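Please consult the sequence and the model alongside the text.

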Amino acid sequence: IMRPTTKWTVTARMNVSGAKIEAEGIDEVQHFKSEIEANRKATLSVGVSYLGFSLSAALNPAKLMGKYHDYELNFNSYGKRFGFDVIYQDAKNFTGWHDHQGMERIELPDGMLSVKTLNVNAYYVFNSCRFSYPAAFSQSYIQRQSAGSFLLAASGMGQKAILDWEQEMQLKMTNIGIGAGYGYNYVPQQGWLLHISALPTFIVYSNTSMTFGDNEVPLHYHFPEVIITGRGAVVRLWGNKFLGLSMVFNFTNIGYEDNLAIHNIKWRIRTFFGLR
């Protein structure tokens, strides 16, 4: 790996992100399943970087037209040896459905559910002299030859959901996981980079509660509960220019289907073009 010969970079990006929550379980021997999805968010941004430290301004066209009312904050730091993602979302525009054995499907309209979610994912790279996360995600390094590395990982997720249905339902959860994974940067030829990595973590601390009106439903820890972070990227470099596509995917599994299982999915896809 090597540093670019220039210190300043200007990058234009288009970001698309989404979130989904799935619930499945047994209610008095009857199976049920729900799936709800937030409105997708699309933004355009321009950023200026100096040796990997970036400042950017983003524009959300749908929000300007009054079609998007949620809030999302992404903060990313991809270092040579350490790095992390912080994603906070406050979403009220969820739609979906609920199936209950012996009953017709119930459509869940927009505005019934509000969810606040915080995802934090961190990594440590063992082979930082040869493998570079920044080469794939911030372009503050250049990967010259193919290399991989084992990774240590830590993840956390906090969530509060309120469903305004026949009676109010509240779900609160806090989860912390630790684990390990692997990442690989493949350089098929000069000027190309393909990145893929997976960081599974097992939840070592879990605090989850659910209430229906005045009734509380016990949710007990069930091994294995996991938080998985997957990343991928394709980067093309030529001269002092580059373009590419990157993806970050978060999956959290809480509980088990014989009682109640909750799956959280959060993803972001980014296309970018930069000039050094």
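How many positive and negative side chains does the protein chain have, and how far apart do the centres of the two sets lie? There are 25 positive and 22 negative side chains, and the centres of the two sets are 25 Å apart. For this count, Lys and Arg are positive and Asp and Glu negative, with His and the chain ends not counted; each charge is placed at NZ of Lys, CZ of Arg, CG of Asp or CD of Glu.

The model is predicted, so that local features need pLDDT of at least 70 and side-chain atom pairs count only at pLDDT 80 or more, while totals for chains, interfaces and linings use all residues. Residues are numbered from 1 along each chain as its sequence is written, and side-chain values use heavy atoms, with hydrogens and water left out.

**Overall fold**

- The protein chain contains two helices and 16 strands; these are DSSP runs numbered from the N terminus, with helices (H or I) of at least four residues and strands (E) of at least two.
- The chain is as compact as a globular protein of its length, because its radius of gyration of 21 Å is close to the 19 Å given by the globule rule for 276 residues. The radius is taken over C-alpha atoms, and the rule is 2.2 Å times the number of residues to the power 0.38.
- Along the principal axes, the C-alpha atoms fill a box of roughly 65 × 45 × 25 Å.
- Of the contacts between residues at least 6 apart in sequence, 67% join residues at least 24 apart; a contact means heavy atoms within 4.5 Å.

**Surface and burial**

- The accessible surface comes to about 14500 Å², and 60% of this area belongs to carbon and sulfur atoms. Areas come from the Shrake-Rupley method with a 1.4 Å probe, and for residues only the protein chains shown count as cover.
- Of the 276 residues, 43% count as buried, where buried means under 20% relative accessible area, exposed over 50% and partly exposed in between (1.4 Å probe, protein chains only).

**Salt bridges**

- Side chains of opposite charge can pair when their charged atoms come close.
- The count is six salt bridges, each being a side-chain nitrogen of Lys or Arg within 4 Å of a carboxyl oxygen of Asp or Glu.
- Lys 20 and Glu 35 form one of them, at 3.7 Å from N to O. This pair links strand E1 (residues 8–27), which holds Lys 20, to strand E2 (residues 30–38), which holds Glu 35. Lys 20 is partly exposed, at 21% relative accessible area.
- In the pair of Lys 266 and Glu 72, the closest N and O atoms are 3.2 Å apart. Lys 266 in strand E16 (residues 260–275) and Glu 72 in strand E5 (residues 71–78) are 194 residues apart, and both residues are buried.
- Asp 90 and Lys 92 meet at 3.4 Å, N to O. Asp 90 is buried at 16% relative accessibility, whereas Lys 92 is partly exposed at 43%.

**Two loop residues**

- Asn 93 lies in the loop between strand E6 (82–91) and E7, and is buried with a relative accessible area of 10%. Leaving aside neighbours within four places in sequence, its contacts include Glu 37, His 69 and Asp 110.
- Gln 101 is in the loop between strand E7 (94–100) and strand E8 (106–108), and is partly exposed at 46% relative accessibility. Beyond neighbours within four places in sequence, Gln 101 contacts Val 29, Gln 30 and His 31.
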